[in-house]
Protein chains: 2
Amino acid sequence: MIKIAIVGYGNLGRACEKIAVGSKDFEIAGIFTRRNPAELVSPYGTAFFRQDEIFGFDGVIDVAVICTGSANDVTELGVKLARSFNTVDSFDTHARMSTYYADMSRAASNGGHLCFIGIGWDPGLFSVMRALFAGVLPSGAPYTFWGRGVSQGHSEAIRRIDGVIDAKQYTVPKAETLELVRSGGGEKLCDRDKHSRECYVAVEDGADKSLIESKIKTMPNYFEPYDTAVHFVGLEELRKNHSEMPHAGIVLSSGEVNGKMQRVEFSLKLDSNPDFTASVLMAYARANAYLAAKGETGARTALDIPVSALFAGDDVIKRFV
Amino acid sequence: MIKIAIVGYGNLGRACEKIAVGSKDFEIAGIFTRRNPAELVSPYGTAFFRQDEIFGFDGVIDVAVICTGSANDVTELGVKLARSFNTVDSFDTHARMSTYYADMSRAASNGGHLCFIGIGWDPGLFSVMRALFAGVLPSGAPYTFWGRGVSQGHSEAIRRIDGVIDAKQYTVPKAETLELVRSGGGEKLCDRDKHSRECYVAVEDGADKSLIESKIKTMPNYFEPYDTAVHFVGLEELRKNHSEMPHAGIVLSSGEVNGKMQRVEFSLKLDSNPDFTASVLMAYARANAYLAAKGETGARTALDIPVSALFAGDDVIKRFV
């Protein structure tokens, strides 16, 4: 049995708990949270602890699965935990990944632990595909498209606008651009060419809708660089039709080898983004326990982890090769 | 510079030579062939040697890239070469992979070399996808579809029939079955459900076409388990319209995580099967040289090789994660 700690109890933490409970090889030592443990109840009777109580479990936990929400939490907590535990996290701020990798590398190596960072589907599976595609098709450039699916960050950005009660934002890949890239084009694509944004927004009675729409569409980085559609809906309709967290995405590359065109493509279509991300995290938690037991230490991204490690020494040749 | 030997000079060997010549980091020590080296000419002026002359290059060659045609050649030669060289091969008989792995493991470990086996797209990239998909989506079963594309083995099987001058066989995935699998079905599929076979056959004057058609369609293993269409064409038409070696394929899996459906899919579409296979071989030859220089020894399938090794220590986090 692999003894795990789940750190954080939002969507991702709850999904990891459910997967662990349904798996034959995971045992949950506890869920560690910044909320008051006495006020939390698990449907599976899992024990809750305050976040810093985890350090009393030194030597007991095989892998700490970091499921805290915001990027800042992950980096600070990751480095702290890496000194005492093997960890797996889904840190997802691509621009800060190199710095975080360096910090985690140092902490994990000093503590003699093995820490997997940026595990999920992007970063994670998509990172593996981008690298694999660039490796086997060096003349092509891997492209990534996201959606159609809910972006939490963009939804929250809308919710922060005065007069907005709730909102959901869908990122939508542009079909015509996808086709262009599939046929080997796409050298000079900008953000607007690749994706559009669809917003469903519930506002307070008497709110200035045209002002809110304009605030959304002109928001720098989030919406300004894109074609954005804003739909005002009632709160009830929003909760009824837009409460799920589906997502999807594609990594693809086209390139010539010896003058012949070759195309590779990976795609996923998820009815639940947090549940799939949790499934990836738990698969790599299994690999982490296996490789750590073999004596590996330091930080790793998904690119550094051989796929066979997901099966912890089982015969993969007969099953998959 | 990575000094390679190319062993075998068919389609695959020629494609590897062209890629190496066009790359900044490969240098070809020689092409080693069972044919008479004096009768061979390379468009790039590469030196030819008899196959067994390669053992005079012990200590000179970083990686031997095995490009001989038939499966039997690869296994025997692989083990012989593994005692003296790091190797990369595209051995593709799935049923014999475990035995070959054991043999190569022993030879490579004894000789202190690093040998990659089953490198290409299937086995190879498809093996990685099957394992990765099973790892992150344990409730799903990965399915593989091949085509539309030319199967060399099936084409050759037709050519061996009396009265046949030349033939090309296309393996075609069944679109309706693909859709079924994409939507989570497909538990009880047989060979006939997944693929059909299209044959283009040029025969001698006066040959008994209906006898030939019947011999093809009833051929055990090759054609009997499938829906097979046979088209008789003139030799000129066959050479004109069916001389290329395109191929394609899909690995996909659908499964639930915590009650929510999730789908992952990898596909490729190749204008030239041997050129793409060569590109994969050369990418892994680069990884082989890198990992061997770090002291790794033994046999590896693609599942054991982290994707970051394809970039030989370059910063992959900024580029891909």
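Modeller: B:Glu244 forms a salt bridge with A:Lys260, and their closest N and O atoms are 2.6 Å apart. The pair crosses between chains, from the loop between helix H9 (235–241) and strand S12 (247–257) of chain B to strand S13 of chain A. Keep in mind that this is a predicted model.

Colleague: What lets two such side chains pair?

Modeller: Side chains of opposite charge can pair when their charged atoms come close. In this case B:Glu244 is partly exposed at 41% relative accessibility, and A:Lys260 is partly exposed at 26%.

Colleague: How many salt bridges are there between chain B and chain A?

Modeller: The count is 4, while the count over all chains is 32. Another pair is A:Asp271 with B:Arg263, with the closest N and O atoms 2.7 Å apart.

Colleague: How far apart in helix H3 of chain A are A:Asp103 and A:Arg106?

Modeller: They are 3 residues apart, so about one helical turn separates them. Their salt bridge has its closest N and O atoms at 3.7 Å.

Colleague: Which parts of the chain does the pair B:Arg239 and B:Asp166 link?

Modeller: Distant ones: B:Arg239 is in helix H9 and B:Asp166 in strand S9 (residues 164–173), 73 residues apart. Their closest N and O atoms are 3.1 Å apart. B:Arg239 is partly exposed at 47% relative accessibility, whereas B:Asp166, at 15%, falls under the 20% cut-off and therefore counts as buried.

Colleague: In which sense do S13 of chain A and S13(B) pair, parallel or antiparallel?

Modeller: Antiparallel, over 9 bridges. Within that pairing, A:Glu265 stands opposite B:Ser267.

Terms used: Residues are numbered from 1 along each chain as its sequence is written. Chains are lettered from A and ligands numbered from 1 in the order in which they are written. This is a predicted model: local features need pLDDT of at least 70, side-chain atom pairs count only at pLDDT 80 or more; totals for chains, interfaces and linings use all residues. Side-chain values use heavy atoms; hydrogens and water are left out. A salt bridge is a side-chain nitrogen of Lys or Arg within 4 Å of a carboxyl oxygen of Asp or Glu. Two strands pair if DSSP finds at least two bridges between them. Helices (H or I, at least four residues) and strands (E, at least two) are DSSP runs, numbered from the N terminus. Buried means under 20% relative accessible area, exposed over 50%, partly exposed in between (1.4 Å probe, protein chains only).
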